[in-house]
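Keep the viewer open as you read.

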Amino acid sequence: MFKISLPDGSVREVPAGTTPADVALAIGPGLAKAALAARIDGELRDINRPFERDSQLALVTSRDEKDALELVRHDYAHVLAEAVQSLFPDTQITFGPSTDDGFYYDFAPKDRAFTEEDLPAIEAEMRRIIARDEPLVREVWSREDLIARWQAEGESFKAEWAAELPDAEELTVYRAGRGEDAWLDMCRGPHLASTGKLDPQAFKLTRVSGAYWRGDQNNAMLSRIYGTGWLNRKQLDQHLTRLEEAAKRDHRRIGQEMDLFHLQSEAQGSVFWHAKGFLLWRALEAYMRRRLDAAGYAEVKTPQLMDARQWEQSGHWGKYRENMFVVPDEVPHAPEDGEADDAPVLSGQADLMALKPMNCPAHVLIFRQGIKSYRELPIRMAEFGCCHRNEPHGALHGIMRVRQFTQDDAHIFVREDQLIAEVRAFCELLDSVYRDLGFEDYAVKLALRPDKRFGSDAMWDKAEAELREAVLQSNLSQAIKDKFEELPGEGAFYAPKLEFHLTDAIGRTWQVGTIQSDRVLPERLDATYVGEDGQKHRPVMLHRAILGTFERFIGILIEHHAGRFPLWLAPVQAVAATIVSDADGYAAEVVSALTAAGLRAEADTRNEKINYKVREHSLAHVPYLLVLGKREAEERTVALRPLGEGAKQEVLSLAAAIERLRREATPPDLRKPLD
RNA sequence: GCCGGGUUAGCUCAGCUGGUAGAGCAACCGCCUUGUAAGCGGUAGGUCGUCGGUUCGAGUCCGACACCCGGCACCA
């Protein structure tokens with residue numbers, strides 16, 4: 001007999017062989033029907049898996065949404081795999097987990113990868129499997145039997161996986177269906193009791209893609225099918241609506257609609273900033289420059305091209321050479337008379353220069369000019385540095401991932417005793433900047449030592465602990481600290497990093513800010529300062545950025561605000577739109593007055609109806625329209641109309657309107673407390 | 001770089017099984033002097049991503065390349 005404790009504090013004695021489903025039925029048929037799985041001593045388990053000892057039991061129903069979604073999505077993945085093998089019998093199965101909004105499964109097809117055209121048929125087969133209500137039964141297998149089974153079935157990926165699972169782990173298989181036709185997959189579980197527990201209308205296969213076996217590009221390319229899965233149809237519909245709404249916030253789309261920037265193949269991966277986009281950039285850059293000035297940074301500017309030997313010495317050449325743009329240090333040879341037009345203009349023998357992929361070596365070179373005293377540290381050296389990296393083609397993405405970008409970069413040279421306080425101060429500066437820009441919520445991660453790295457283990461132990469300590473000591477909100485996570489193996493080759501991530505419109509997260517504590521580069525580039533003891537010491541170098549790159553950060557800003565920027569960032573802050581041509585002269589006056597007050601304003605005196613102008617400027621997300629008719633021109637007032645459908649407007653004197661806008665357009669760091 | 005999909009007018013897109021291109025919006029011209037999210041009429045605009053092939057004939061079929069999109073891998 002086992003003693004089973006329930007959440008209400010009651011205890012039931014049950015004989016061996018009893019399952020959570022039995023307990024649920026004993027409590028009531030309603031609960032038995034609703035129960036999807038069980039939490040046994042905190043662990044999620046199959047509802048039909050018998051108790052093994054005295055246990056705490058909590059039955060999981062769809063009300064426990066997080067658990068329920070996880071279970072359902074995992075089951076959808078299994079049903080997907082069963083459906084694919086039923087339609088494409090020669091396809092090997094590999095692995096298929098749940099994701100944040102659904103599931104995927106990786107297959108090794110016999111001859112061709114799946115395409116989106118295959119999805120409707122697979123969905124239909126999945127619905128048939130759900131309709132058959134196949135029981136999902138857990139079985140424990142021996143490793144030998146399991147490997148033999150997979151080999152017999154031609155499932156080489158599963159066989160490989162089975163052979164490598166740790167000895168301590170029980171090897172389990174789930175049998176879907178009945179009798180000879182049952183379909184098997186190796187899986188840790190847990191699963192629902194049967195496929196019929198899934199809602200056949202609450203999932204959708206969304207896309208196909210390639211994916212490497214075990215995430216390693218040296219392995220086979222598998223064919224992955226993604227789906228989204230929910231507890232019911234309503235949730236699915238809501239999710240699909242969210243995706244549609246998110247697509248409207250895509251920075252590439254808004255960038256075009258608002259005339260902010262464009263990209264074209266002649267400069268792939270580099271942004272053509274249009275006038276309006278660059279106004280936004282300038283507002284952001286001016287803000288960052290003020291914040292850095294106030295925080296004790298000194299701004300520098302360093303060369304775009306440096307001798308390749310410099311990159312060898314810093315260690316970047318060895319690791320990143322193929323991602324650097326390299327140019328020969330040579331004057332091209334001018335064609336001479338009688339020489340073929342296609343004669344080489346470069347000798348191929350010249351020394352190499354490289355476009356800088358980062359600013360840090362140049363900053364060390366500035367640091368090394370003259371002798372530095374311990375009294376001068378910390379030295380905070382900032383640069384809005386324009387860098388080039390030859391990113392893999394498949395990595396490029398709008399303006400979020402580009403080949404030419406400008407960082408709000410800085411390197412802080414500190415003594416060991418100053419390090420934690422500097423990191424902490426950085427975290428607090430970053431938090432303040434993100435809040436000013438409208439981001440209350442972001443993720444902080446600590447990327448730990450990678451396999452291939454410079455420096456001793458002792459150095460890494462110390463550096464990782466310092467960053468961890470600094471972030472936890474800082475004044476970041478508890479909500480952000482609660483989400484803090486560590487990423488093994490993700491650090492840079494010379495230093496661990498704190499990473500600060502923001503989320504884009506469709507839920508992809510992007511690293512923006514970072515800080516890295518580096519003891520390798522000062523060593524390799526021989527940076528020293530004179531200590532109190534008169535001896536030479538190595539400074540620690542903190543590599544740090546808050547926005548990361550202007551390109552990516554502006555992309556995120558666009559999506560976060562859906563193009564409706566706060567007034568201080570909006571490229572065009574106000575448009576003076578006339579109703580009748582009699583107001584044209586007054587409109588010009590209004591725009592001059594706004595411009596003189598430091599506001600970014602334009603006049604729209606086109607021969608169009610006011611309805612048309614309102615609609616057009618609203619779609620362009622212009623924050624304020626100053627509507628000017630005959631009345632306003634005569635009374636020297638403006639009808640101030642904020643962005644928004646059916647927005648309530650106010651008629652103000654021109655001076656009052658300007659004062660209102662000027663005040664609202666003041667960047668957050670320049671606002672006086674009383675404002 | 002890898003897998004899959006795509007590229008037609010300034011923008012969004014249609015163009016079935018091959019028979020020398022079409023819509024809406026935008027642009028331009030004209031009318032309307034207009035009061036808060038599209039006033040009306042007209043005109044013009046494309047060597048269908050590039051190169052090559054099949055064919056009497058290619059936007060359409062085949063191949064290569066370029067770029068874009070969705071993932072994977074990468075991200076100093």
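Which element gives the most to the lining of the second largest pocket? Helix H7 does, with 4 residues. Keep in mind that this is a predicted model.

## The second largest pocket

This pocket has a volume of about 1,000 Å³. Its lining takes in 32 residues, and Asp100, Thr503, Ile506, Gly507 and Arg508 are the closest to the centre. Two or more lining residues come from each of strand E11 (203–212), strand E12 (221–229), helix H7 (233–248), strand E21 (443–447), strand E23 (497–503) and helix H17 (550–561).

## The largest pocket

Now for the largest pocket, which holds about 1,200 Å³ of space. There are 36 lining residues here, and those nearest the centre are Arg389, Glu391, Arg401, Lys497 and Gln511. By class, the lining of the largest pocket comes to 15 nonpolar, 13 polar and 8 charged residues.

Strand E27 is the top contributor to the largest pocket, giving 6 residues.

## Nonpolar cores

Which residues touch the most other members of the largest nonpolar core? They are Tyr434, Leu437, Leu498, Phe500 and Phe553, in a core of 64 residues. Helix H13 (residues 419–436) brings the largest share of this core, at 8 residues. A separate core of 37 residues lies apart from it, with Tyr105, Ile129, Ile130 and Phe203 among its members.

As background, nonpolar side chains tend to be buried together in soluble globular proteins.

## One side of helix H21

Helix H21 (residues 654–664) has buried residues at Leu654, Ala657, Ile658 and Leu661. Why do these sit on the same side of H21? Because they cover an arc of only 100° around the axis.

And what covers them? The cover over the buried residues of H21 includes helix H18 (584–596) along with strand E28 (574–578), strand E30 (624–628), strand E31 (637–642) and strand E32 (650–653).

Two cis peptide bonds deserve a click. One runs from glycine 189 to proline 190, with omega near -5°, and proline 190 sits in the loop between strand E10 (183–186) and E11. The other joins leucine 377 to proline 378, where omega is about 0°. Proline 378 belongs to the loop between helix H12 (360–367) and strand E19 (379–388).

Then there are the positive phi values. Aspartate 41 isn't a glycine, yet its phi is positive at about 50°. You'll find aspartate 41 in the loop between strand E3 (37–40) and strand E4 (43–45). Is aspartate 41 buried, partly exposed or exposed? Its relative accessible area is 46%, so aspartate 41 is partly exposed.

Alanine 562, also not a glycine, has a positive phi near 50°. This residue lies in the loop between H17 and E28. With the buried cut-off set at under 20%, alanine 562 counts as partly exposed because its relative accessibility is 22%.

Key: Residues numbered from 1 in each chain as written. Chains lettered and ligands numbered in written order. Predicted model: local features only at pLDDT ≥ 70, side-chain atom pairs only at ≥ 80, totals over all residues. Heavy atoms only, no water. Core = buried A, V, L, I, M, F, W, Y, C linked by side-chain atoms within 4.5 Å. Buried < 20%, exposed > 50% of the residue type's maximum accessible area, 1.4 Å probe, protein only. Arc of directions from axis to C-beta. Contact = heavy atoms within 4.5 Å. 1 Å grid on protein atoms, 1.4 Å probe; cavity = no way out; pocket = protein on both sides within 12 Å on 5 of 7 lines; lining within 4 Å. Points joined across faces, edges and corners; volume = space filled by probe spheres on them. Nonpolar A, V, L, I, M, F, W, Y, C, P; charged D, E, K, R; others polar.
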